[in-house]
Amino acid sequence: MWRRAGTLWLLGIVALMLMPLLLVVVDSLNPSVLGTFPPRSLSLVWYRNAFANSTFTSGLVNSLVIASGASVLALLAGLLAAISLSRYQIPGRRPVRTLLSAPLGIPRVALGLSCFVLFLLLGSWSDLLAGLINNQLSLILVHALVALPIVLIVIDGALSQLDPELETAASMLGATQLQALYLVIVPAMLPSILTAAVLSFVFSFDDVEAALFMVPMAGPTLPVAMFDYLETHTDPTLAALSTILVLVSAVGLIVGATRLGSLSSAEVPSREVVPDAA
Amino acid sequence: MTRARGLLLLLPAALLALMLVFALAFLVAESLGSAETGPPTLAWSLSTWESTIGGDYFWRVLLRSSLLGAVVASLGIVVGYPTAVALQVLSGQRTRLLLFALIFSPLLISAVARVYAWSLILGPTGALRGLLAPIANSPGDPFASFPGVTIVLVQNVVPLAVFPILASLTRVQAQLGEAAQLLGATPWQRFTRVTLPLTAPTVIAVFEVLFIVSISTFAVPTLVGQGHVQVLASDVYQEVIAFNWSQASVEVIVLLAISVATIALGGVLARWMTRGLPSQGEAS
């Protein structure tokens, strides 16, 4: 009896999590404004409406640019930092790691406001800096800051499973440390790098709270445009846009779920696989 | 040579972190600016702090935010704990991964989409719009109320509660579950005498996280509440729109202070609760 109750509960929770999203997808295809359920016919009118609206299309482009920039930056900084923290003897590794993981724990409101004030002040002191930052770069920097801990977590996990003897073997075969880095380590960690990139991209694409603070500099992103729209309208155009967001994130979900599952299996050469040379 | 290269690799990340440090420093400086609106000024005065803390509105908003945080965190644990138990007992490795993904999926969608989704169910044209009417004491739409905001936030935080609790349950089960069973404990005794006390520190840590997340978010209260549910975070946004930088900074610092205090308090509580228990390794 308890088993049945437990299973029902689990199914209920999953339904609770998924139901709003499924409703949104269905609603986006329902030509009626009132959201009658089930829909009497299917139509793409709301998608057409969404793409006809220049605020949304420019927001979409903006989001894509910023998410790409932020994930590349976070990946670069995070990959190098993870390698540095695990393979090199740097004094004060733990405090550094704590500091680099901090942005995840700081409320997005605080990050958004403080970075905005910082950029505003820097811009007012120097015209050069103002020209440099008064655009999408501002939000790219903020998103990269928050995505950095995400990248660190994913890459750290992969690095710890990477057999250090691979690098020893590489150096015995004549590779410098740098060559070992891009010929051995990076290719071996490609799945995790991909996961980290996708998670960072999705995070940046979806973010609305930090993005709202950067609007004067970076312009509106898609979630920001939706935020403004939702404050004054509630028609299914938002459902169409939300479904687009869901699709973008679904890619991330699928990649992330399959990759995170395989992080625990021996896809990356680990101790057990590489035989002891001695 | 090796150490130098290691530091070099750390440089891009360090620059980003440095940006954060400067931003927070300027935040504090900004809060000490004058209370006038306009471009940010650095004028070392406590006037904004005084006018904020002296004001009635601030304390009401603070109380409402804290109440929201506490309610959402509690409900999140009430829903999340049984879910974690169910996940631990009822699913094997593969199904568990699938259920993980499904339960986590709402977090990968933007907050705006989530709010819109809920408005389809509980909003003015929603099928369940009558559900909130008795408990929401807002003049118009029952969804644009404290309970409405609470429900959406709870859905948002349940995934954050389930996974740490599940990890803790797995640890306890691995270490002591079988021992308790062998010593003749009934499942109920096992749960109340062993599992609950040993997972308590994790529950406290989860409460902290859910609380901090709930008081810091402004997208959901703003969109769902439509002005009827003013919390600290949404107020920050209003001040920014009105160019009241120093006012916004003061409120954000208060928010951060509450977060830090919550974590500190939680740590004390967790240590007090596990006094006398043999050390279980890390507790969260």
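Between chain B and chain A there are zero salt bridges (a side-chain nitrogen of Lys or Arg within 4 Å of a carboxyl oxygen of Asp or Glu). Seven residue pairs are in polar contact, both at pLDDT 80 or more. A polar contact is a pair of N or O atoms within 3.5 Å; within protein, one must be able to donate a hydrogen and the other to accept it, and residues adjacent in sequence count only if both atoms are side-chain atoms.

This is a predicted model, where local features need pLDDT of at least 70, side-chain atom pairs count only at pLDDT 80 or more, and totals for chains, interfaces and linings use all residues. Side-chain values use heavy atoms, without hydrogens and water, residues are numbered from 1 along each chain as its sequence is written, and chains are lettered from A in the order in which they are written.

Now the interface itself. Chain B and chain A bury about 6500 Å² between them (accessible area, 1.4 Å probe, lost on being put together, summed over both). Carbon and sulfur atoms hold 84% of that area. Leu9(B), Leu108(B) and Tyr116(B) supply 11% of what chain B buries against chain A, more than any other three residues. The contact (heavy atoms within 4.5 Å) takes 67 residues from chain B and 75 residues from chain A.

Ser84(A) counts as buried because its relative accessibility is 0% (buried means under 20%, 1.4 Å probe, protein chains only). Beyond neighbours within four places in sequence, Ser84(A) is in contact with Ile90(A), Gly6(B), Leu9(B) and Leu10(B).

Methods
Buried area is the accessible area (1.4 Å probe) that two parts lose on being put together, summed over both. Buried means under 20% relative accessible area, exposed over 50%, partly exposed in between (1.4 Å probe, protein chains only).
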